[in-house]
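The sequence and the model come first.

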Amino acid sequence: MIKQTSFVFALLFLALLFLIGAIGASSAQTMSYADAISQLAAACRTDLQKYCKGVELGGGRLKACLDGHQAVVSPQCQQTRAQVYASIARRIAAQRDIGDICSADIERLCGTSHADAHLVECLLGVTPAAISPQCNQTFTDTGWRTERAQQ
């Protein structure tokens with residue numbers, strides 16, 4: 001009976017951890033380009049040395065090399081590569097779309113009807129609770145909130 005209770009408790013604990021992780025992932029920030037490179041370098045070190053030795057960073061060359069060798073790189077590299085690419089794609093999309101997604105918030109909070117040069121300062125100057133949830137998540141996904149906090 002004790003073994004069965006411990007097993008049930010362990011399963012519930014794992015389910016709770018999974019649920020917390022899933023909730024956190026849905027509102028997690030996107031990673032910076034520097035973090036993306038660091039994660040790829042750590043997870044793909046052997047693959048990079050084997051398949052992409054001498055490839056310079058920038059200009060999409062590293063991505064092209066990894067993409068060209070995706071069938072032969074390690075599973076760890078493949079998984080990290082997919083996570084990094086998804087995060088960076090989300091960051092790029094958020095930066096591209098913030099003016100459309102946040103137009104009502106921009107007008108209400110910033111006194112302008114478009115995303116101008118003062119958008120970041122304006123949105124940083126208000127409490128996240130004052131921003132609509134979709135706009136707040138998009139602003140978080142742009143990475144601008146984190147970058148400003150680190151300056």
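Predicted model: local features only at pLDDT ≥ 70, side-chain atom pairs only at ≥ 80, totals over all residues.

The structure holds four disulfides.

**Cysteine 44 and cysteine 77**
- A disulfide joins cysteine 44 to cysteine 77, with an S to S distance of 2.1 Å.
- The two ends are in distant parts of the chain, 33 residues apart: cysteine 44 sits in the loop between H2 and helix H3 (45–51), and cysteine 77 in helix H5.
- The link of cysteine 44 and cysteine 77 is right-handed, with 100° about the S-S bond.
- Cysteine 44 and cysteine 77 are both buried.

**Cysteine 52 and cysteine 65**
- Cysteine 52 is joined to cysteine 65 by a disulfide, S to S 1.9 Å.
- This pair also links distant parts of the chain, with cysteine 52 in the loop between H3 and H4 and cysteine 65 in helix H4, 13 residues apart.
- The disulfide of cysteine 52 and cysteine 65 is left-handed because the torsion about its S-S bond is about -100°.
- Both cysteine 52 and cysteine 65 are buried.

**Cysteine 110 and cysteine 122**
- The sulfur atoms of cysteine 110 and cysteine 122 are 1.9 Å apart and form a disulfide.
- Cysteine 110 lies in helix H6 (residues 103–110) and cysteine 122 in helix H7 (residues 119–124), so this bond ties together parts that are 12 residues apart in sequence.
- The link of cysteine 110 and cysteine 122 is left-handed, with -100° about the S-S bond.
- Cysteine 110 counts as partly exposed because its relative accessibility is 23%, and the buried class requires a value under 20%.
- Cysteine 122, with a relative accessible area of 16%, is buried.

**Largest pocket**
- The volume of the largest pocket is about 290 Å³.
- The largest pocket is lined by 13 residues, of which Ile37, Leu40, Lys63, Tyr85 and Ile88 are the closest to its centre.
- Helix H2 (33–43), helix H4 (61–68) and helix H5 (75–101) are the elements that each give two or more residues to this lining.
- H2 provides the largest share of the lining, four residues.
- By class, the lining of the largest pocket has nine nonpolar, three polar and one charged residues.

Methods: Residues numbered from 1 in each chain as written. Heavy atoms only, no water. 1 Å grid on protein atoms, 1.4 Å probe; cavity = no way out; pocket = protein on both sides within 12 Å on 5 of 7 lines; lining within 4 Å. Points joined across faces, edges and corners; volume = space filled by probe spheres on them. Nonpolar A, V, L, I, M, F, W, Y, C, P; charged D, E, K, R; others polar. Disulfide = S-S within 2.5 Å. Buried < 20%, exposed > 50% of the residue type's maximum accessible area, 1.4 Å probe, protein only.
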